[in-house]
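Please walk me through this structure, starting with its charged contacts and ending with the overall picture.

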Amino acid sequence: MTADHKLNQIIEKEPLMPEPGYPQRVSQAAASRIHDQGQPVCRRRMVMPIAAVAAALLILAAAASWTGLFKSDIANAMEKAVAQLSNYHGMLQMRSQNEAGEV
């Protein structure tokens with residue numbers, strides 16, 4: 001047999017009709033695949049933005065701690081202010097007041 005003869009035999013075959021209930025089984029199989037694949041895709045869609053927000057917050061917190069944006073060390077600030085007063089070479093009188101109001 002030649003290739004042309006085999007091709008003609010394939011082309012001349014009558015198509016077979018599917019068995020009863022075939023369309024319902026196909027639609028049920030497609031629906032179950034869509035349902036099974038729908039949840040992980042949804043989870044992936046939620047995980048990526050949450051991870052991006054978490055990474056951005058982590059970077060912001062690291063930058064804030066390195067730059068000293070949220071430093072509120074009052075004792076350190078007072079120490080620096082007193083050191084600046086001590087380094088002043090003009091006429092300056094340092095005064096302090098206790099809880100009783102005495103100078």
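Start with the charged contacts: a search of the whole structure turns up one salt bridge. Keep in mind that this is a predicted model. The bridge pairs Arg-25 with Glu-19. Their closest N and O atoms lie 2.8 Å apart, and the cut-off for such a pair is 4 Å.

How accessible are the two partners? Arg-25 has a relative accessible area of 41%, so Arg-25 counts as partly exposed. Glu-19 comes out at 49%, and so Glu-19 is partly exposed.

Now the fold. The protein holds three helices and zero strands. Read from the N terminus, the order is α-α-α. Helix H1 covers residues 3-12. Helix H2 covers residues 22-67.

Next, the nonpolar surface. Val-53, Leu-57 and Leu-60 make a nonpolar patch of about 300 Å². Of these residues, take Leu-60, which is found in helix H2. Is Leu-60 buried or exposed? Its relative accessible area is 55%, so Leu-60 is exposed. The threshold for that label is over 50%.

Step back to the whole chain. The protein has 103 residues, and buried residues make up 1% of them.

Finally, confidence. The average pLDDT of the protein is 77. A score of at least 70 is reached by 69% of the residues. Where is confidence lowest, and where is it highest? Helix H1 has the lowest confidence, with a mean of 70. Helix H2 has the highest, at 81. Leu-60, from the nonpolar patch, belongs to that helix H2.

Note on methods:
Residues numbered from 1 in each chain as written. Predicted model: local features only at pLDDT ≥ 70, side-chain atom pairs only at ≥ 80, totals over all residues. Heavy atoms only, no water. Helix = DSSP H or I, 4+ residues; strand = E, 2+ residues; numbered from the N terminus. Buried < 20%, exposed > 50% of the residue type's maximum accessible area, 1.4 Å probe, protein only. Patch = residues over 30% accessible without salt bridge, like charges linked within 9 Å, V, L, I, M, F, W, Y side chains within 5 Å. Areas by Shrake-Rupley, 256 points an atom, 1.4 Å probe, with all protein chains shown as cover. Salt bridge = Lys/Arg side-chain N within 4 Å of Asp/Glu carboxyl O. pLDDT = per-residue confidence, 0-100.
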